[in-house]
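Biologist: I'm new to this one. Can you put it on screen and walk me through it?

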Amino acid sequence: MPTSRASRAVRALAMAAAVAVAAALPVTAAQASTGSTSAGVDAPTAVARARVAADVLMQSYDPANAWFPSSWWNSAVALQTIGDYMQRTGDRRYVAELDNTFEKDKGTFPAGVLSGDPLLGNFTSRAIDDSEWWGLTWVEAYDVTGDHKYLDMAETIATYVNGYWDSSTCGGGVWWDAEKTYKNAVTNGLYIRLTAELHNRLPGDKLWLGRAEQAWTWFTGSGLINSAGLVNDGLTSDCQNNGQTVWSYNQGLAIGAGLELWRGTHDPSILTTVRHLADAALSSPQLVSDGILTESCDAVGQSCDDNAKQFKGVFMRYMMDLADTTGDPRYTAFVSAQAQTVWAEDRDPGDRLGTKWAGAANATDPNVFDWRTQASALSALIADIPANTRTSSLSALASPAQPVVMPAKTGSSTVKLSLDVEATSMPQSSAPTRVALNVSAPAGWGATPASQSLVLATHGTEVPASATVPITVSVPASAPDGNYAVTAQVTAAPHLSFTATADVLVAHSIDFGTGTAAETPWLWDADGSQINGSQDRFADGTNYFVYRFPFPADTTSAQVVLTIGQEYLVQVSSDGTNWTTVLTEDQQIHDTSNLAPQTIDVTPYLGQSKTVYVRVGDSFPSDGWGGLVSHVSAPFTE
């Protein structure tokens, strides 16, 4: 069940205290020997948390188009985060997805297919920073696999980017776009990190080292870093600091750029600058609140756009690098504090991780969960895993995470769950992992099986051993509306334990706005749909979204009312597989002028199970104005 706002405040303060205490204390011998983090979470638990979060993230990966719909640069960062996870844990299950993206998306694509911009081939486009994000992703893929094709691609991208280095304006720096309109922090932080990474992986290189050193000298002298040691967004047309927002990813990239260059040069002045940038960030209220990394758009009453949703994760990637490199307990404590608050305050019952890490959300200003926020917060969990960790671990993930039951007037109703259990062992161990499973449900409910023993054939960390356990939960007709936790605890020797939760919603009516927490339990398949600034859900092109309505067993008739507009295509199914078109907009409408309630009689689709699926898509898939829904209700009679 969600924690209270008071509990969240207490935990946030506790995280801040952990940072302060650790700043004064060295890493203990016990922590060093067990691999525990500074906040007391052991390495097996840190690995298990990251694995669950990575698995949830990869549920959003589209293998056909080989990206995360529908953001190009965000997809690069999400895949690099998966690479970080594999590097940190030894888990190699997602190497195929890296290669799938490399092979399918390295060609040319017209505008709107994989990005708003045309893709020029080799992961380049007019957006120079987008190209650089992909360059870093392919260096990561090289580090994970050792396959030189990835490093070759990174060098190809860096060569393209270098073409936009221009000393005639502001004395240097890479342009943000092909039109040469802006010199900013992100593009140049990325350039330094990418060129330094190439140098550190290409034997005998001098070319990329020279470019990295030149770019670092320019960056640190350009005025992008203000007097407080914080990185503003960019430069004005007359080459002055523009004073725009201090975003966490710009600060993080400056830290990461300097670190990689220091590794190539061992120049102590570079590391001194990096530490200054990090210390400025950790002490700044613009980036840290009560010890927790906080973007300016995380504030109550504001919202982060799809770009900013991923910024904090970039910062954490390079803060992890700094903590690893220096061993400074201030940095390791900060890293651990982020991971603990993400897990305690920023996680929903489906182990989705949101944009507000400290959990400061309410009914009018909810937390936001999508694959971008998942990738960002996953970086915090990865950073909390001690470096070079190969350990036994145990995790579990329940699905669906937020099932819905609509009880009939008499008798009990059932909810079908699946529990995916995964385990790894020490690399040298070939002994199986014996797991005990115990399920608990609310009083008066039933869960079958209530307990079970599993034997998982674990052998190292590269591929976690797994098993899926079906669980049937019975819900009495008398259960009032509300959310109820069904928990499954798995344990194994020595001292491995993990708890998964399904948050069962008992409902006697259906009425919700889209883009809200109330929508989530009913959203059976989000596919490539998105939420706009008004919290309306829409699906363009071949994307769609599906609602599942499990009407009570004694339902005799039902309707679904969609407040819907734009170029919609609505289909209904009784099994989620075979679809009948029931509603189509046959005019090309490029706004919401036709937004209005539309009533669909779904009685013919009730079937024996009384479950109805409603899918919304795009009636004109070529022009990008697909079906948009702002509100859903479903009256029925018993």
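Modeller: Start with the surface. The protein chain of this predicted model exposes about 24300 Å². Carbon and sulfur atoms supply 52% of that area.

Biologist: What percentage of the residues count as buried?

Modeller: Of the 638 residues, 55% count as buried.

Biologist: And charges? How many are positive and how many negative?

Modeller: The chain has 36 positive and 65 negative charges. Their mean positions are 6 Å apart.

Biologist: Switching to overall shape. What radius of gyration does the chain have, and what would a compact globule have?

Modeller: The chain has 25 Å. A compact globule with 638 residues would be near 26 Å, so the two agree. The C-alpha atoms fill a box of roughly 75 × 60 × 45 Å, taken along the principal axes.

Biologist: How many helices and strands?

Modeller: There are 14 helices and 25 strands. As for contacts with a separation of 6 or more, 69% join residues 24 or more positions apart.

Biologist: Now the inside. Which residues have the most contacts in the largest nonpolar core?

Modeller: Trp133, Trp138 and Leu419. That core has 155 residues. Helix α3, residues 43-58, gives the largest share of this core, with 10 residues.

Biologist: Which residues does Leu419 touch?

Modeller: Leaving out residues up to four places away in sequence, its contacts include Ala396, Leu397, Ala398, Leu437 and Val469. Ile471, Ala488, Val490 and Ala500 are also among them.

Biologist: What about a second core: how many residues does it have?

Modeller: The second core is separate and has 32 residues. Leu523, Leu562, Tyr605 and Val616 are included.

Biologist: Let's zoom in on Thr611. Where is it, and is it buried or exposed?

Modeller: Thr611 is in strand β23. Its relative accessible area is 8%, under the 20% cut-off, so Thr611 is buried. Beyond residues up to four places away in sequence, Thr611 touches Arg548, Phe549, Pro550, Ser573, Ser574, Tyr605 and Leu606. Tyr605 also belongs to the second core.

Biologist: Next, Phe620. Where does that sit?

Modeller: Phe620 is in the loop between β23 (611-618) and β24 (628-633).

Biologist: Which residues does Phe620 touch?

Modeller: Glu567, Glu585, Asp586, Gln587 and Gln588, not counting residues up to four places away in sequence.

Biologist: And how far is Phe620 from Val602 in space?

Modeller: They are 24 Å apart, C-alpha to C-alpha. In sequence, Phe620 and Val602 are 18 residues apart.

Terms used
Residues numbered from 1 in each chain as written. Predicted model: local features only at pLDDT ≥ 70, side-chain atom pairs only at ≥ 80, totals over all residues. Heavy atoms only, no water. Helix = DSSP H or I, 4+ residues; strand = E, 2+ residues; numbered from the N terminus. Rg over C-alpha atoms; globule rule 2.2 N^0.38 Å. Buried < 20%, exposed > 50% of the residue type's maximum accessible area, 1.4 Å probe, protein only. Contact = heavy atoms within 4.5 Å. Areas by Shrake-Rupley, 256 points an atom, 1.4 Å probe, with all protein chains shown as cover. Lys, Arg positive; Asp, Glu negative; His and termini not counted. Charge placed at Lys NZ, Arg CZ, Asp CG, Glu CD. Core = buried A, V, L, I, M, F, W, Y, C linked by side-chain atoms within 4.5 Å.
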